[in-house]
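Trainee: I've got this one open in the viewer. Could you take me through a single part of it, slowly, and show me how that part sits against the rest?

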Amino acid sequence: MFTLARDDGYTISTDPARLDLDLVHTWLSRDAYWALGRDRETVTRAFAGSVGFGVYRPADGQQVAVARVITDRATFAYLCDVYVDRVERGRGLGTWLAGAVRDHLAELGVRRILLATNDAHGVYAKVGFSGVRADRWMEFDQRDQVVSPLTSKDRQPSTPLTVEP
């Protein structure tokens with residue numbers, strides 16, 4: 001487990017027992033453009049299969065920020081679901097959190113961390129993130145497909161994929 005404290009008393013922890021997933025669900029489903037409407041079960045499953053980083057306020061231990069990392073803990077990681085409570089913004093917590101995630105993963109040997117953002121490029125650039133070369137990356141994106149919230153699989157079968165020799 002990873003724990004880090006800042007001089008002003010804010011702490012970061014990867015202890016899953018400390019994560020307030022009800023609060024995280026509220027933040028993501030109601031205020032995060034990338035996760036609007038995400039159901040509670042999906043949040044639970046996503047964090048169960050990832051490393052969650054919580055940021056906690058010094059005065060009362062209340063969670064004030066979160067980040068989720070999908071990783072093999074050896075070579076690669078994807079940083080996502082980074083959110084700082086609106087009341088706590090402006091204190092540098094997002095930059096601190098991104099840097100702590102980067103440093104913790106580097107200690108594990110992870111040499112590549114990806115993320116996607118529409119509006120926080122400056123936050124991540126402060127801790128060394130930069131744009132990717134688009135000609136190297138490909139994606140399979142089915143976010144526009146209707147999926148079952150229970151299985152995350154298409155409700156109706158789509159056209160079968162075929163491979164021609």
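**Where two helices cross**

Mentor: Let's take the crossing of α1 and α2, which is right-handed. Bear in mind that this is a predicted model. Two packed helices are described by the angle between their axes and the distance between the axes. Here the axes of α1 and α2 (residues 40-48) come within 10 Å and cross at roughly 115°. On the α1 side, the contact is made by Leu21, Asp22, Val24, His25 and Leu28; from α2 come Arg40, Val43, Thr44 and Phe47.

Helix α3 (residues 93-108) runs at about 35° to β4, and lies across β1, β2, β3 (51-56), β4, β5 and β6.

As for the sheet itself, it's open, with six strands in the order β1-β2-β3-β4-β5-β6 and mixed pairing. β1 (3-5) and β6 (112-115) are the edge strands, each with a single partner, so one side of each has no neighbour in the sheet. On average, neighbouring strands here are turned by 20° against each other, ignoring direction. If you zoom in on β1, you'll find three bridges joining it to β2 (residues 11-13), and the two run antiparallel. Within that pair, Leu4 stands opposite Ile12 in β2.

Technical notes:
Residues numbered from 1 in each chain as written. Predicted model: local features only at pLDDT ≥ 70, side-chain atom pairs only at ≥ 80, totals over all residues. Heavy atoms only, no water. Pairing = 2+ DSSP bridges. Helix = DSSP H or I, 4+ residues; strand = E, 2+ residues; numbered from the N terminus. Axes fitted to C-alpha atoms, helices over the stretch in contact; angles between N-to-C directions. Contact = heavy atoms within 4.5 Å. Left-handed = near helix turned anticlockwise from the far one by under 90°.
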